[in-house]
Amino acid sequence: MMDANERDCIFCRISRKEAPAEHVYEDETVFVIKDRFPKAPVHLLVIPRKHIARIDVLSSGDDGLIVHLFEVIRIIAATYRLEAGYRIIINSGAEGGQTVSHLHVHMIAGKCLGFREDAVR
Ligand code: 5GP
Ligand code: ZN
């Protein structure tokens with residue numbers, strides 16, 4: 001049974017193909033899309049299909065999923081030939097800049113990234 005969060009969540013809807021997105025990778029548990037408002041030449045979102053609201057609510061049962069999420073990050077880095085480097089970011093909560101309440105990892109690359117407060121947003 002799907003709860004209201006899963007039903008209405010934009011990333012759950014994209015996962016179910018009810019909402020459009022440019023998918024660049026998909027498997028049973030993780031998918032990767034292009035960010036709709038890219039902040040750099042490469043701006044991808046690595047997203048578990050499971051609706052996990054934010055990093056704080058991960059449980060030990062999610063260990064395998066998290067390991068796999070990082071595997072996918074490596075696959076994407078290789079596919080996009082990001083040898084020069086990239087940045088991964090997880091925003092958590094309002095003050096962390098999280099706007100979509102479904103855990104996701106930003107993968108950002110293609111320009112020299114500084115370390116300014118506004119480097120991503
Ligand atoms: P957050 O601010 O939660 O860390 O990141 C959410 C990201 O999702 C933002 O970078 C935003 O541009 C992106 N985003 C929000 N809605 C959509 C959407 O419908 N499609 C895609 N592809 N990206 C989205
Ligand atoms: Zn969701």
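How much space lies in the largest pocket? About 470 Å³ lies there, a volume being the space filled by probe spheres set on grid points joined across faces, edges and corners. A pocket is an open set of points on a 1 Å grid over the protein atoms alone, where a 1.4 Å probe fits, with protein on both sides within 12 Å along at least five of seven lines; lining residues have an atom within 4 Å of a point.

This is a predicted model, in which local features need pLDDT of at least 70 and side-chain atom pairs count only at pLDDT 80 or more, while totals for chains, interfaces and linings use all residues. Residues are numbered from 1 along each chain as its sequence is written, chains are lettered from A and ligands numbered from 1 in the order in which they are written, and side-chain values use heavy atoms, with hydrogens and water left out.

Ligand 1 takes up the space of the largest pocket (more than half of its atoms lie within 2 Å of the grid points). Lining this pocket are 22 residues, with Phe11, Asp35, Arg36, Phe37 and Leu45 nearest its centre.

Around ligand 1 there are 18 residues (a heavy atom within 4 Å). Lys34, Asp35, Asn91, Thr99 and His106 come nearest.

| Residue | Atom | Distance |
|---|---|---|
| Asp35 | polar side-chain atom | 2.5 Å |
| Thr99 | backbone N or O atom | 2.7 Å |
| Gly97 | polar backbone atom | 2.9 Å |

Definitions and conventions: A polar contact is a pair of N or O atoms within 3.5 Å; within protein, one must be able to donate a hydrogen and the other to accept it, and residues adjacent in sequence count only if both atoms are side-chain atoms.
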